[in-house]
Amino acid sequence: MAEEVKLGSSKPMVAKQEEMVEARVPIPYRDQCAHLLIPLNKCRVAEFYLPWKCETERHTYEKCEYELVMERMLQMQKIRELKEKKKAAKIQGKSPIPLIPSTANA
């Protein structure tokens, strides 16, 4: 009955550390979607950050980030459910205080 919650993302890291450093990806953005952020930022610079340009790159990057957030939310929900199960089992396992105390020789 010992259930485990796998922590971390199921998505692999595609972008290598050297690529992210070379593309100057900020540290908070170096996640499983960084390989999509690199071409998006290149497109943004090339198109002078015009909002209607680079829509497909932006959409794929935002979808990847959304999937990561949803995966983390599911993991957190599973962790909460496991804690509740353990708490319920702990409460259920306790016996009430006996009205008549038991003695050692009885």
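Predicted model: local features only at pLDDT ≥ 70, side-chain atom pairs only at ≥ 80, totals over all residues.
Two disulfides are counted in the structure. The link of Cys33 and Cys64 is left-handed, with -85 degrees about the S-S bond. Both ends are buried. Cys33 has a relative accessible area of 0%, and Cys64 has 5% relative accessibility.

Another disulfide joins Cys43 to Cys54, again with 1.9 Å from S to S. Cys43 lies in helix α2 and Cys54 in the loop between α2 and α3, so the pair ties together parts eleven residues apart in sequence. The link of Cys43 and Cys54 is left-handed, at -90 degrees about the S-S bond. Cys43 counts as buried because its relative accessibility, 15%, is under 20%. Cys54 is buried too, with a relative accessible area of 10%. In sequence order, the bonded cysteines of the chain pair as 1-4, 2-3.

Helix α2 (residues 34-46) also holds Leu40. Leu40 is buried, with a relative accessible area of 1%. Leaving aside residues up to four places away in sequence, Leu40 touches Cys54, Glu57, Arg58 and Tyr61. One of these contacts, Cys54, is the disulfide partner of Cys43. Arg58 is 18 residues from Leu40 in sequence. In space, the C-alpha atoms of Leu40 and Arg58 are 6.3 Å apart.

Definitions and conventions: Residues numbered from 1 in each chain as written. Heavy atoms only, no water. Helix = DSSP H or I, 4+ residues; strand = E, 2+ residues; numbered from the N terminus. Buried < 20%, exposed > 50% of the residue type's maximum accessible area, 1.4 Å probe, protein only. Contact = heavy atoms within 4.5 Å. Disulfide = S-S within 2.5 Å.
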